[in-house]
Amino acid sequence: MTGNRFSAILLRAYLVLFFLYLFVPLAIMGAATFNDSRFPTVMPWQGTTLKWFDALWADGQMWNALGITVVIGLLVVLISVPIGLAAALLLGSLHARARSFLYALMISPLLTPGVIIGISTLVFWRRFDVPGGIGLSVLAQSSYIAAYVMLMVTARLQRFDRSLEEAALDLGASHIQTFRRITLPYLRPALIAAAFIAFLQSFENYNTTLFVRGIRQTLTIYIATKVRTGVTPAVNALGLVLIAVTVVGAAVYEILRRRQLRVDAARASRAAEMEAQMQAGGIPTRTAADELGAGAVPVALMGATGAPEGR
Amino acid sequence: MAELSRRLGGPIAALAVAAVAIWLVLLVALPDLLMIDYSLRPNLPPSEIGGPQDVHSLANYAVLWSNKIHLGIFFRTIWASSLVTVITLVVCYPVAFYLAKVAKPSNAALLVLLLIIPFWINEILRTFAWYIVLAYNGPLNRVLTGLGIMARPIRWYGTAGVMVGMVYAYILFMVFPLTNAMESLDRNQIDAARDLGASRWRIHRRIVIPHAKPGIATGCVMTFMLAAGSYAVPSLLGSPSSRWFTEIIYNWFFEGGNWNLGAAYAFLLLLLCIVFIAVMMRLFRVSLADIAR
């Protein structure tokens, strides 16, 4: 028993150390923003200042890089979300062998190093005299980000009750109506979450963009260039702002995702209850028309899990 | 396919197939194939492309073989990435075990959230944080010399810096697969083994680790691939003596101006990752679907 207690304490101590290891570097980076020193550091502390935020605000290069990053991110969302959705629908309608082959092909970009994706895109488009720039960055990033979208949509599609589609078709809805009124609303939470993750992935990308950017500077490229050519705490200020934005974004995302999970769980238990009642007392079978009429398909945010993953 | 058009109707099915075809052919398969083709051709001035000189050969690959410096960097990248993978596994295993089997569920959810937060921040910034910590006059050296642990500061930038930065950057890719795999392990198995007198070490070796195999394989594949393919970490935390293979590739493209050689080197890096994945799948008897979820 004492041995047990001892090892439990040991494990807990290890966890504390682990989380310190995770957060102390970030805290140091953030703190260095406020140090009145030319090089970003926390020791020695040469006085507290906010001037590096001003320096960042006045940096035209940074604003330019931010603009390019946002444009690329939005274009990546526009391309990768429809492709990922199409891929998930296609996978959902295939049989075992074709499915596993296509699945392997689709996830292969996730197992390819980011630099390779950048290089192959650059080399390929050179054949058509397309140089590096915003366009190629969007194509290179979309080629693997679409796979994340596919995985997130597939996760939600697996819990989809196909009979809803069948019923709508039986009741005379056209394919396009069924898709717009049944399938798409059901997938909406996953699609919004996927768009969010796709944008974040694009925003964070460094290794792939490095090769296909041409002369364009995205925010990550800007940071890396600064670090190597004369870094000032203005970069820390940028880091701190990005951390603040992403932490708030992450919190909102998690809250919405958990709310959606609760909504889904509640729906599932309601459905189970109805089924039980039906078997017990002959309540008329629930039809897709009821679902359609009631607009019962939840349209709240966020579906599949999607931990951010960088490359 | 018939199933798809029965479900979605002709027009939507056709659109879906077209979108997937564009993705897989134009954005994934053809670029990779063309990169391989490129790597087999000589670097020629534009006027001679397609001419009699423009024939396939393995000459670009022979360059790596005969360039002892590049070859050395290639093998050092493999070795260092493997080491990063092993260290990350060792660092993350206890955390994953705690999250999956020891912590109360509500507690674990909070810890997972804490774990995710640093990873919403991009790799460059995470690496930049270590750039500050590991600076010659930086906090780590000052604390260590101040406490008398070291007589004088160390130059961390270089192999040590790269390893530290990479382990830090890829923790999440190891913790999550491990935790997922361990979560499905029935606690009763651990309790039963303990009641029967198994030591802690034996419980892990005979019960937890075998059960977590798919997670271990996934985490190792992701970590190795990210480490071997990283440009961000070695370029910020490395030194001239710790050059990474990706840096050589980058130089062929943007400084040496020889894209064909760069493509050959890049393909070797890709091949390395494929071989690593295949070996791990064989070793741990898992399928591709287990690895990428």
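Q: How far apart are the end C-alpha atoms of helix H4 (residues 96–107) of chain A?
A: Helices (H or I, at least four residues) and strands (E, at least two) are DSSP runs numbered from the N terminus, and the expected span of a helix is 1.5 Å times one less than its number of residues. At 1.5 Å a residue, the 12 residues of H4 of chain A should span 16 Å, which agrees with the distance between its end C-alpha atoms, 16 Å.

Q: What pLDDT do local features need in this predicted model?
A: Residues are numbered from 1 along each chain as its sequence is written, while chains are lettered from A and ligands numbered from 1 in the order in which they are written. In this predicted model, totals for chains, interfaces and linings use all residues, side-chain atom pairs count only at pLDDT 80 or more, and local features need a pLDDT of at least 70.

Q: Within what arc do the buried residues of H4(A) fall, seen down its axis?
A: A residue is buried if 20 or more other C-beta atoms, placed from the backbone, lie within 10 Å of its own, exposed if 12 or fewer do, and partly exposed in between. In H4(A) the buried residues are Tyr103(A), Met106(A) and Ile107(A). An α-helix has 3.6 residues a turn, so residues three or four places apart point the same way. Taking the directions from the helix axis to the C-beta atoms, the buried residues of H4(A) line one face of the helix, because they fall within an arc of 80°.

Q: Which exposed residues does H4(A) carry on the face turned away from its buried side?
A: The buried side of H4(A) is made of Tyr103(A), Met106(A) and Ile107(A). The face turned away from that side carries the exposed residues Arg97(A) and Phe101(A).

Q: Is Asp129(A) buried or exposed?
A: Asp129(A) is found in the loop between helix H5 (114–126) and helix H6 (134–157) of chain A. Most residues other than glycine have a negative phi. Asp129(A), although not a glycine, has a positive phi of about 60°. With 6 other C-beta atoms within 10 Å, Asp129(A) is exposed.

Q: What distance separates the C-alpha atoms of Met274(A) and Arg126(A)?
A: Met274(A) has its place in helix H11 (residues 233–281) of chain A, and with 13 C-beta neighbours inside 10 Å it counts as partly exposed. Met274(A) and Arg126(A) are 148 residues apart along the chain, and their C-alpha atoms are separated by 60 Å.

Q: How many residues of the side of chain B that touches chain A are nonpolar?
A: Counting two residues as in contact if their C-beta atoms, placed from the backbone, lie within 7 Å, 75 residues of chain B are in contact with 75 residues of chain A. On the chain B side the largest share, 16 residues, comes from helix H2 (residues 10–39). Asp, Glu, Lys and Arg count as charged, Ala, Val, Leu, Ile, Met, Phe, Trp, Tyr, Cys and Pro as nonpolar, and the others, Gly among them, as polar. By these classes the chain B side has six charged and nine polar residues, while its nonpolar residues number 60.

Q: How far apart are the end C-alpha atoms of residues 65–91 of chain A?
A: UniProt, in an unreviewed entry, lists residues 65–91 and 103–125 of chain A among those for "transmembrane region"; such annotations, given in the numbering used here with shortened feature names, may be inferred rather than shown by experiment. Residues 103–125 of chain A are 74% helix and 0% strand, with end C-alpha atoms 25 Å apart. Residues 65–91 of chain A are 100% helix and 0% strand, and their end C-alpha atoms lie apart by 37 Å.

Q: What percentage of the residues of chain B count as buried?
A: Chain B has 15 helices and zero strands, and its C-alpha trace spans about 75 × 70 × 30 Å along its principal axes. In chain A, with 12 helices and zero strands, 44% of the 311 residues count as buried. For the 293 residues of chain B, the buried share is 45%.
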